[in-house]
Amino acid sequence: MTSGTYRNPILNADWSDPDVVRVGDDFYLTASSFGRVPGLPLLHSRDLINWTLVGHALDRLEPAGAFATPRHDCGVWAPSLRYHDERFWIFWGDPDQGVFQINAPQIRGPWTRPHLLKAGKGLIDPCPLWDDETGEAYLVHAWAKSRSGVKNRLTGHRMRPDGTGLLDEGKVIVDGDRIPGWFTLEGPKLYRHDGWFWILAPAGGVETGWQGAFRSRGFFGPYEERIVLEQKDTDVNGPHQGGWVRTPSGEDWFLHFQQRGAYGRVVHLQPMRWGPDGWPVLGDDGAPVAEHRRPALPPQPPSVPATDDDFPGGRYGRQWQWTANPPPLSASLERGHPHAGWAPQHSGDGLRLTCVRSTDTHDLRKLPNLLTQRLPGVPSAAEVELRLHSEEPGARAGLAVLGDAFSWIGLQRGADGTVHLVHRFAEGVAERERDAAHPCLAPEGRVRLRIEIGAGARCRFSYDLGDGAVPSGPVFAATPWRWVGALLGLFASAPVGPGHAGAATFTQFRITDL
């Protein structure tokens with residue numbers, strides 16, 4: 001790669017179902033966040049290559065009680081990000097509830113509370129359009145067969161210009177079952193260009209599908225279609241579902257994801273132009289590019305979303321998300337202890353996690369108080385120092401790789417009062433964890449933990465009790481959930497019982513390339 005080019009993926013982690021918008025000289029991106037909290041990540045760039053995470057648009061998932069426990073593949077699916085009437089707008093589908101909308105005057109907020117625009121099961125991947133030529137507003141969405149019994153079709157509505165309601169019952173505007181060879185049509189993004197309504201939408205499934213384009217002179221059709229991006233003879237399987245953006249100088253670019261197993265959905269950037277027949281041409285004549293000339297934008301310093309964290313004052317960075325809604329602070333205070341919340345702030349550095357009591361300590365997939373971030377898409381090592389401050393028998397804390405299967409390494413207080421280094425795992429079909437290595441004494445109650453994530457997301461665990469690094473257990477292959485990539489996580493928990501169960505402190509979290 002030369003200084004004048006970039007290489008894909010531009011975001012090498014699970015930034016699923018990306019959408020992008022430009023406002024002035026700034027580009028903004030959001031992505032699916034499913035059941036994690038806070039939701040709807042907000043990324044910023046000046047050159048479409050280097051991105052930073054500037055916040056989240058959704059503080060909590062609603063209804064709050066429905067997401068008080070983990071629902072890893074549910075929640076926020078495939079958002080659309082738009083700028084209209086001097087406000088940012090995000091529309092998304094919750095497959096169990098319907099289409100939601102929020103908006104804000106600035107990308108960092110304040111964002112409105114979620115407004116349910118269309119209630120129903122299986123309503124996913126919504127995208128609005130405000131037609132500047134006519135003043136009309138529209139909405140298109142797809143369907144999830146798992147909730148509604150139908151898929152492979154796109155439904156269109158006229159929408160109130162203020163985004164608060166729909167003006168009709170909706171009409172199927174693209175029926176994939178009527179297009180030979182097309183299946184699992186989803187993820188539509190709606191645009192106006194050159195007198196046409198355009199829908200850019202993928203089909204064929206996330207792992208092996210393609211990106212399609214549809215155009216019509218009228219919003220409700222009829223639409224003609226074309227495949228505009230597919231794998232061909234490249235290594236980029238199923239180039240899929242993203243957004244078109246135009247730079248200030250008039251260059252067109254398309255961002256989309258590639259499904260990469262345990263790593264989730266990594267983001268690629270494709271050049272885009274309009275052919276002489278008026279159709280978009282993506283990538284290298286319809287094939288994804290691995291390396292390409294950079295966009296003609298002012299050069300920016302290299303940047304990626306943050307991963308490392310020193311947890312100043314006990315505060316964790318924007319890169320971290322809980323696996324469910326944390327309890328409101330008032331509820332924590334009502335329990336009558338001074339360590340309110342899952343991660344109370346304090347005067348020093350380090351993340352202090354409360355050992356939350358649970359009947360599910362044997363299965364990390366069921367714990368809401370897991371603080372997670374995305375698994376890196378390149379061979380990497382994750383390290384953190386841990387100290388267990390709990391005297392509670394059975395209290396434990398550790399560093400985990402979490403997915404449909406999970407494995408963790410950390411410290412646990414025994415019934416006899418001693419602290420042990422433990423390493424545990426559970427297969428996807430297992431209902432509870434078991435040892436991945438024999439426990440050993442950790443007399444100081446502190447340890448340095450390390451997970452090396454190699455090719456194929458194969459993870460090797462080790463620990464250092466002060467006498468040097470010691471490997472632990474066999475290799476563990478990280479696995480995704482159905483729609484979500486594997487996660488790195490920090491946690492502290494304890495068995496059910498009376499009173500406060502203590503805490504654990506994590507310091508110097510680092511991810512380094514191998």
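User: Where is S16 found?

Analyst: S16 lies in the loop between β1 (5-7) and β2 (19-23), where strands (E, at least two residues) and helices (H or I, at least four residues) are DSSP runs numbered from the N terminus. This is a predicted model, in which local features need pLDDT of at least 70 and side-chain atom pairs count only at pLDDT 80 or more, whereas totals for chains, interfaces and linings use all residues. Residues are numbered from 1 along each chain as its sequence is written, and side-chain values use heavy atoms, with hydrogens and water left out.

User: Why is S16 called buried?

Analyst: Buried means under 20% relative accessible area, exposed means over 50%, and partly exposed lies in between, with a 1.4 Å probe and protein chains only. The relative accessibility of S16 is 1%, so S16 counts as buried.

User: What is in contact with S16, leaving aside its neighbours within four places in sequence?

Analyst: Contact means heavy atoms within 4.5 Å, and by that rule S16 touches A31, S32, F34 and R265. The C-alpha atoms of S16 and G242 are 9.3 Å apart in space, although the two residues are 226 residues apart in sequence.

User: Why is the pair of W244 and W274 called edge-to-face?

Analyst: Rings of Phe, Tyr and Trp (its six-membered ring) pair if their centres lie within 6.5 Å, and planes under 30 degrees apart count as stacked, over 60 as edge-to-face and the rest as tilted. The ring centres of W244 and W274 are 5.4 Å apart and their planes stand at 65°, so the pair is edge-to-face. This pair links distant parts of the chain, with W244 in strand β18 (residues 240-246) and W274 in strand β20 (residues 265-274), 30 residues apart. W244 is buried, at a relative accessible area of 10%, while W274 is partly exposed, at 22%.

User: How do you know which kind of pair Y316 and W322 form?

Analyst: Their ring centres are 5.8 Å apart and their planes are at 90°, so this pair is edge-to-face. Y316 has a relative accessibility of 32% and counts as partly exposed, whereas W322, at 3%, counts as buried. By the ring rule the count comes to 24 aromatic pairs, and one aromatic cluster is formed by Y191, W198, W244, W274 and W279.

User: What places the charged end of R374 over the ring of W15?

Analyst: A charge sits over a ring if NZ of Lys or CZ of Arg is within 6 Å of the ring centre and within 35 degrees of the ring normal. The charged end of R374 is 3.6 Å from the centre of the W15 ring and sits over that ring. In another such case, R215 lies over the face of W196, 4.1 Å from the ring centre.

User: How do you know that strand β27 and strand β33 pair?

Analyst: Two strands pair if DSSP finds at least two bridges between them. Strand β27 (residues 380-388) and strand β33 (residues 446-453) have 8 bridges in the antiparallel sense, and L386 stands opposite V447 in β33. Both strands belong to an open, antiparallel sheet of 6 strands in the order β24-β37-β27-β33-β34-β35.

User: What makes β24 and β35 the edge strands?

Analyst: β24 (351-354) and β35 (469-477) each pair on one side only.
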